[in-house]
Amino acid sequence: MTVTSKFASAAVAALLVSAVGAQTFAAEITPLADETVETAKAIRDKALESDEAYEILASLTTEVGARLAASPKEVEAQEWAVAKFQELGFDKVWKEPVMVPKWTRISESASVVAPFAQPLVITALGKSVATPEGGVTAEIAHFATYEDLEAAERSAVEGKIVFISNRMERFRTGAGYGPAVKARGAGASMAASKGALAIMIRSIGTDTHRLPHTGGVTYDEAQPKIAAVALSNPDADQLVRMLGYGEAVSVHLDIQTTMEEPVEMFNVIGEITGREKPEEAIILGSHLDSWDLGTGAIDDGAGVAITMAAANLIQDFSETRPYRSIRVVAFAAEELGLIGARQYAEAHKDKDMDKHIIGAESDFGAGPVWALASNVNPASLHVVDKMATVMGPLGVVRSDRKAGGGPDVGQLARAGMPVMDLMQDGTDYFDLHHTADDTLDKVDPVALRQNVAAWVSFAYIAAEWPGYFR
């Protein structure tokens with residue numbers, strides 16, 4: 001079976017209607033040239049034969065490895081990205097400064113001290129404060145959900161270590177993440193407001209491996225800051241079983257971390273300059289940083305590789321540049337709170353955001369693209385329809401979902417830029433997300449080629465069409 005037919009067999013037969021943004025530049029419909037569509041198909045087919053994205057990803061994860069925001073490894077990654085853009089022959093390569101707080105994980109350990117003494121596998125959540133030196137020992141206050149903690153009386157929490165055991169559900173779209181992740185983001189401050197000494201959550205992940213998932217905690221500055229950690233899913237199950245015996249369960253928790261003043265990092269940008277409208281750009285986004293447990297292959301080395309390779313395939317296909325520029329942005333410090341993207345959006349908001357024609361982001365691993373969603377004006381929908389048609393042989397269908405653009409590019413959408421979502425199959429994404437298991441061997445080169453083929457279909461047509469999406 002060919003690669004094309006393999007992915008086409010997974011496609012849904014029905015063609016769905018795309019979501020539409022309300023803002024319109026012009027009522028007139030600008031036609032899309034047949035030649036543009038045929039060239040897009042040719043580049044798509046070329047992408048299915050290329051392992052350039054996999055080679056880029058192997059380079060990043062091998063030569064740099066984990067890339068914790070604001071660490072020396074993120075600096076290495078930025079230097080790597082500049083060199084890689086230059087090696088690939090991008091017309092312009094530059095960096096834009098970003099100020100990022102420097103959080104460091106030093107040590108972490110936990111154990112049950114009663115009634116059944118044994119170690120627990122944990123990891124500190126990103127930006128967590130440390131426990132007091134030597135750690136903290138206390139009885140667990142167990143809550144099945146964040147909402148149960150929110151409703152609890154202070155007397156049920158004060159002086160204890162909160163444990164939230166909510167389990168994330170598995171969906172192809174990743175829809176289980178939002179409901180579950182509130183425990184990670186807001187749980188610490190909610191627990192602290194009721195007098196908790198620390199908080200442990202079940203990892204926000206869908207696996208059963210004894211590998212905890214890290215991720216950022218968000219502190220409410222009006223509340224005390226307490227240490228926050230994630231348990232591996234099997235260890236969370238173990239605690240729930242212990243609690244089922246009806247006895248109080250006590251835990252010792254010791255994590256040491258530091259948070260230093262912000263340091264200068266960079267968004268790294270490579271651009272293929274348009275032949276007619278060089279000042280107008282199609283944005284292909286991803287983030288360059290990763291957590292420190294794995295090597296960041298899935299999150300988000302794959303996105304960096306897909307977007308770099310897609311733009312490079314377009315420039316290598318012909319000596320003639322597209323009508324508009326194609327700008328690949330590797331954002332800094334996404335994992336600590338979309339820091340690079342927020343500062344990019346702020347820097348460009350009043351400067352040239354109107355020249356950001358449309359954008360999309362690859363930040364959901366390396367599973368195949370299965371659907372295309374949009375947030376554009378009605379007069380440009382025929383272009384999006386044609387993109388979906390070109391992607392059809394890859395197994396991609398039109399989605400009726402309103403595109404958000406992804407975590408980083410979504411910040412540009414908030415500033416008015418039209419966006420697309422090239423929706424990936426994330427069924428297994430949260431098995432690996434933010435764990436030590438996020439490594440290159442989990443990436444399927446065939447699926448990575450399919451991603452690049454979908455991305456060149458979007459990027460080339462968007463860059464070559466002379467109309468506007470807003």
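The buried residues of helix H2 are covered by elements that include helix H8 (297-317), helix H10 (381-391) and helix H13 (445-464), where contact means heavy atoms within 4.5 Å and buried means under 20% relative accessible area, with exposed over 50% and partly exposed in between (1.4 Å probe, protein chains only). The model is predicted, so local features need pLDDT of at least 70 and side-chain atom pairs count only at pLDDT 80 or more, while totals for chains, interfaces and linings use all residues. Residues are numbered from 1 along each chain as its sequence is written, and side-chain values use heavy atoms, with hydrogens and water left out. Helices (H or I, at least four residues) and strands (E, at least two) are DSSP runs, numbered from the N terminus.

Helix H2 (residues 34-47) has 14 residues and reaches 20 Å from its first C-alpha to its last, close to the expected 20 Å; the expected span is 1.5 Å times one less than the number of residues. Thr 36, Val 37, Thr 39, Ala 40, Ile 43, Arg 44 and Ala 47 are the buried residues of H2. They cover an arc of only 165° around the axis, which puts them on the same side of H2; the arc is that of the directions from the helix axis to the C-beta atoms. An α-helix has 3.6 residues a turn, so residues three or four places apart point the same way. Asp 34 and Glu 35, on the other side of H2, are exposed.

Strand pairing was assigned where DSSP finds at least two bridges between two strands. Strand E4 (residues 136-143) is joined to strand E8 (residues 250-272) by four bridges, and the two run antiparallel; Ala 138 stands opposite Val 251 in E8. E4 is also joined by four bridges to strand E5 (residues 161-164), in parallel, with Phe 163 in E5 as the bridge partner of His 142. E5 in turn pairs with E6 in the parallel sense over four bridges, and Val 162 has Ile 199 in E6 as its bridge partner. Five of the five residues of strand E6 (residues 198-202) are buried. Ala 198, Met 200 and Arg 202 are buried on one side of E6, and Ile 199 and Ile 201 on the other.

The structure holds 10 aromatic pairs. Rings of Phe, Tyr and Trp (its six-membered ring) pair if their centres lie within 6.5 Å; planes under 30 degrees apart count as stacked, over 60 as edge-to-face and the rest as tilted. The ring centres of Phe 85 and Phe 90 are 4.9 Å apart and the planes are at 70°, so this pair is edge-to-face. Phe 85 is buried at a relative accessible area of 0%, and Phe 90 is buried at 6%. The rings of Tyr 177 and Phe 430, with centres 4.7 Å apart and planes at 20°, are stacked. Tyr 177 lies in helix H6 (residues 177-193) and Phe 430 in helix H12 (residues 429-432), so the pair ties together parts that are 253 residues apart in sequence. Tyr 177, Phe 364, Tyr 429 and Phe 430 form one aromatic cluster.

A charge sits over a ring if NZ of Lys or CZ of Arg is within 6 Å of the ring centre and within 35 degrees of the ring normal. The charged end of Lys 95 sits over the ring of Phe 266, 4.2 Å from its centre, and Arg 324 lies over the face of Tyr 468, 4.8 Å from the ring centre.
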